[in-house]
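Try each task before reading its solution.

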Amino acid sequence: MLLPGTETPVIAAGARTAIGRAFKGSLRDTTAMELAEVVVEEVRRRSGLAPALVDDVILAESNYGGGDIARHAAVTAGMPQVPGQAVNRHCAGSLTAVGNAAAAIASGAERAIVAGGTQSSSTSPLQRFRVPGTVEEFEEGWMPPTHPDSPAASNRDMSLTVGWNTAQEVGISRAEMDAWAARSHQRAVAAIDAGRFEEEIVPVQALGADGSRAAFTTDEHPRRGSTAEQLAELRVLHPEIEGFSITAGNAAGINDAAAAVMVVGGSFAREQGLTPLARVPAWASTAIEPARTGLAVLDVIPKVLHRAGLEIGDVALWEINEAFASVPVAACKKLGIDEARVNTSGSGCSLGHPVAASGARMIVTLVHELRRRGGGRGVAAMCAGGGQAGAVVVEVPSDGRPAV
């Protein structure tokens, strides 16, 4: 809960790119820097703020090998006077970026900050390994570890650390996960067909194999006609483990995208004549043992609700990332969340999981969907590598009043 006398953080604008399939999809030749430039420039434009009024850009980046993409985006988006800050909390990185921006606004230190994340799995760097005791070498995609590797908690294979361990501890069957994943695809396809994402998506001029560019505007990961029966036929990822139930179908995709919001102070919004989309009353991060990563959302959701002075029943809509279907299923079972209110337009299993961008994507979708429904409170929450988790509460006034 915000302390008396602090500034009210509000979202003045938000946008995301459509989500591409990594390696073979429409964004396979579009870098994380280019994706970031598109959303940073668009969010600034949608906010109506002049570049000189933006104080900072905070962007999450996960598997891109370091650097400062936020600063890169600020410069290429025509804001060379704006610094940039890189955040890495793996999956929860862009939720953290938004929380950090809200904290800076609430303190009065800053007036306007672009916050979000960018992910290009297709163009992320490779790292080279040598097999110990040999001269044999191999390459894998860059993935900075969040915890020491162990049999109980692999620091690279999240199907074990997140998907399987969560299902085992909570007692979630493969049928439950496949049913959740199939519904995720059905909801995502329905949202696309109804045009519900059109307002939040900014086109990307994606580079094609022939060197030409074309506008990419539609999420390409959801599978039409997906059913639980079809998903039940997929091979499990670890057949050598007895009873293993995680498949490519009940896990998130590997994807490319970027998303961001403009976070400003309420009084600054009034001074500038802005019409904010939503308030940001609370944000939080937590962590538990790495082997229980998927269950970290069970800690962060109560924490962020307490900070906002809310109960489960006060929340109209939830975005709980489907890194694996077992995660939102566990949250609904253990916290008493109504499944009908969770991921109403799909999530990781269907839309995909562009790691560093997913949190901001969830917030952008949540705000737009709440506004479409006439207002209410929403929570975006997700687990992250190494036992971490992040969450952000947003509030869209439902009585026709402005957000500030």
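A residue counts as buried under 20% relative accessible area, as exposed over 50%, and as partly exposed in between. The model used here is predicted.

**Exercise 1.** Classify glutamate 110 as buried, partly exposed or exposed, and describe its surroundings.

Solution. Start with the location: glutamate 110 sits in the loop between α3 (93–107) and β5 (112–120). Its relative accessible area is 27%. This value falls between the two cut-offs, so glutamate 110 is partly exposed. Leaving out residues up to four places away in sequence, glutamate 110 touches Asp55, Ala104 and Ile105.

**Exercise 2.** Decide how helices α1 and α2 are oriented to each other.

Solution. The axes of α1 (residues 32–47) and α2 (residues 69–76) come within 8 Å and cross at roughly 55°. Angles under 35 degrees count as roughly parallel, and 65 to 115 as roughly perpendicular. The two helices are therefore oblique to each other. The crossing is right-handed. On the α1 side, the contact is made by Ala32, Met33, Ala36, Glu37 and Val40; α2 contributes Ile69, His72, Ala73 and Thr76. Sorted by class, the contact has 6 nonpolar, 2 polar and 1 charged residues.

**Exercise 3.** Which residues have the most contacts inside the largest nonpolar core, and which element gives the largest share of it?

Solution. The largest nonpolar core has 50 residues, and Ile301, Trp318, Ile320 and Val379 have the most contacts inside it. Helix α8 gives the largest share, 7 residues. Now take valine 379: its contacts include Val304, Leu305 and Trp318. Apart from this core lies another, of 45 residues, with Tyr64 and Ile69 among them.

Technical notes
Residues numbered from 1 in each chain as written. Predicted model: local features only at pLDDT ≥ 70, side-chain atom pairs only at ≥ 80, totals over all residues. Heavy atoms only, no water. Axes fitted to C-alpha atoms, helices over the stretch in contact; angles between N-to-C directions. Helix = DSSP H or I, 4+ residues; strand = E, 2+ residues; numbered from the N terminus. Parallel < 35°, antiparallel > 145°, perpendicular 65-115°, else oblique. Left-handed = near helix turned anticlockwise from the far one by under 90°. Contact = heavy atoms within 4.5 Å. Nonpolar A, V, L, I, M, F, W, Y, C, P; charged D, E, K, R; others polar. Buried < 20%, exposed > 50% of the residue type's maximum accessible area, 1.4 Å probe, protein only. Core = buried A, V, L, I, M, F, W, Y, C linked by side-chain atoms within 4.5 Å.
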